[in-house]
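Work through these exercises with the structure open beside you. Try each task before you read its solution.

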Amino acid sequence: MGEERKPLRILSEWAAGACNFSPLAYRRGEDAFSDITACMIAGMNDVSTRSVVNVIAEDGLGQCFAFGASGRVSAPWAALIDGTAAHALDFDDNFAPAFTHATAVLAPALLSLTNGRRIDGTTLIDAFIVGLELQGRIGRLMQPAHYERGWHSTSTIGAIGTAGACARLLGATPDQVLAAMSAATSMAAGSKLQFGSMMKPIHAGLAAKNAVLAARFAMAGIGANDDPLAGDWGFAALTGAGNIDAEVIIEGLGEALEIEANGLHAKRFPCCGAIHRSVDALEVLQRKPGFSLEAIDRIETSLPEMAKRNLRFDCPADEMEARFSGTYCMARMLVDGALELKHFTPESVGDERIAAWLPRISLIAYDNALMVDGANFEATTRVYLKDGGLMEATVIHPKGSPENPLNEDDLLAKFQTCCAWSGHAAAAEPLFELARALGAAIDVGEVMAGVEGTLRIQ
């Protein structure tokens, strides 16, 4: 009898050859690329992105365009820059099964490998769908314990799944897909302690860069352990997931895809996704008759302990901390009726009107075991009135979630906002058209050259 195949090898065999996905899968993949393009444009001038560009300026020469770089750079550096830009403003999507900012790692890594190769849009989206599936299935093995332990899954699971996607894009065999993911486990790292610092968005960039390198290692014939996730010294056990049966990563393989069953949570607000449901619920209450600032005594919002811990700064000192401040985000929506990019600047964070509300807003944690499904959860916002009255609303599916998606007008509006933020307002519509054309492109590299040219003209 032959040797029994391990689950990750079976998953790698699927990843190397899976194709002909559903129209829903392709549409969601195309939407993800247009949304992340907006985020990369918005983040290209952020201090984190500029700092990364400056660090690699002397030795980054190559063929690839990168958002925010004045010249072309090599593929790993392009992935690093673009991953940082994609995640710089925390405006990029969330992927619940893996607890990752999936597209902020996948798209920069995959796009960096299209330069100098004639890769069409279908091939690009195929690799994206595969990468999302890999992240989600690895997430089944490792989550939520890995995330609760303090690991930033975007830079761990994100790197591993994206390495497999990159290998797939490069035409890898199943053995090479497996080798790429195994190599990525040797580079995957990142603590949630970095939330609210410049390193947090750089995590996404590092994951994208490491995924590109891991895939290239595999394609160059560099071997790695063929069972890197499971077992006593496997990545799952080492990083806090315990000795979970690895069979979970192949249950239902080839049936409903992660992109179909779970999809992606696109963001309407440029801040930590843990507070979006609470803000949406507050917005619901603001539309009710009789709602007024003057009538409010205090506000509470309940959410899982795991989500609350991400919102680490009740009194943020700067715009980076404000993105991870539930009290700040709630106060902004309360006072301004909006939560936008302009609200995350040093001047905005110092707004005295907001500071006055911070002590009157509380985040109440409930047990993680009561979460609806994985990283999906409900949040209830309660507004206590001075006259003793109570207004409350509960949100499970925030705007931008698969159950409550952004429509074409919403995507365009977000794209316009992002372009305006980086000083490219006049180019928003042509850039949006280029981003929407990626999935149908004959040559993805030519489309991205169009994006580069349009940005440089402005």
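## Exercise 1: A helix and its cover

Helix α21 covers residues 444–457, 14 residues in total, and spans 20 Å from first C-alpha to last, close to the 20 Å expected at 1.5 Å a residue. The model is predicted.

**Task.** Find which residues of α21 are buried, and find what covers them.

**Solution.** 
- Step 1. Apply the cut-off: buried means under 20% relative accessible area.
- Step 2. List the residues of α21 that pass. They are Val-444, Gly-445, Val-447, Met-448, Val-451, Glu-452, Thr-454 and Leu-455.
- Step 3. Recall a rule of helices. An α-helix has 3.6 residues a turn, so residues three or four places apart point the same way.
- Step 4. Look for the cover. It includes α5, α6 and α20 (428–436).

## Exercise 2: Two helices from that cover

**Task.** Describe how α5 packs against α6.

**Solution.** 
- Step 1. Know what to report. Two packed helices are described by the angle between their axes and the distance between the axes.
- Step 2. Read both values. Helix α5 (residues 102–112) meets helix α6 (residues 121–142) at about 140°, and the axes lie 10 Å apart.
- Step 3. Name the arrangement. Because of that angle, α5 is oblique to α6. Roughly antiparallel would need an angle over 145 degrees.
- Step 4. The crossing of α5 and α6 is right-handed.
- Step 5. Find the contacts. α5 brings Ala-102, Thr-103, Leu-106, Leu-110 and Leu-111. α6 brings Leu-124, Ala-127, Phe-128, Gly-131, Leu-132 and Gln-135.
- Step 6. Sort these residues by class. Eight are nonpolar, three are polar and none is charged.

## Exercise 3: A residue in the loop

**Task.** Is Asp-120 buried or exposed, or in between?

**Solution.** 
- Step 1. Locate Asp-120. It sits in the loop between α5 and α6.
- Step 2. Classify it. Asp-120 has 30% relative accessibility, so it counts as partly exposed.
- Step 3. Leave aside neighbours within four places in sequence. Asp-120 then contacts Ala-441, Ile-442 and Val-444. Val-444 is one of the buried residues of α21.
- Step 4. Compare sequence with space. Asp-120 and Gly-439 are 319 residues apart in sequence, yet 7.8 Å apart from C-alpha to C-alpha.

## Exercise 4: Another pair

**Task.** Describe the packing of α9 and α10.

**Solution.** 
- Step 1. Helix α9 (residues 174–185) packs on helix α10 (residues 199–219) at about 135°, with axes 8 Å apart.
- Step 2. Therefore α9 is oblique to α10.
- Step 3. Their crossing is right-handed.
- Step 4. The contact holds nine nonpolar residues, one polar and no charged.

Terms used:
Residues numbered from 1 in each chain as written. Predicted model: local features only at pLDDT ≥ 70, side-chain atom pairs only at ≥ 80, totals over all residues. Heavy atoms only, no water. Axes fitted to C-alpha atoms, helices over the stretch in contact; angles between N-to-C directions. Helix = DSSP H or I, 4+ residues; strand = E, 2+ residues; numbered from the N terminus. Parallel < 35°, antiparallel > 145°, perpendicular 65-115°, else oblique. Left-handed = near helix turned anticlockwise from the far one by under 90°. Nonpolar A, V, L, I, M, F, W, Y, C, P; charged D, E, K, R; others polar. Contact = heavy atoms within 4.5 Å. Expected span 1.5 Å × (residues − 1). Buried < 20%, exposed > 50% of the residue type's maximum accessible area, 1.4 Å probe, protein only.
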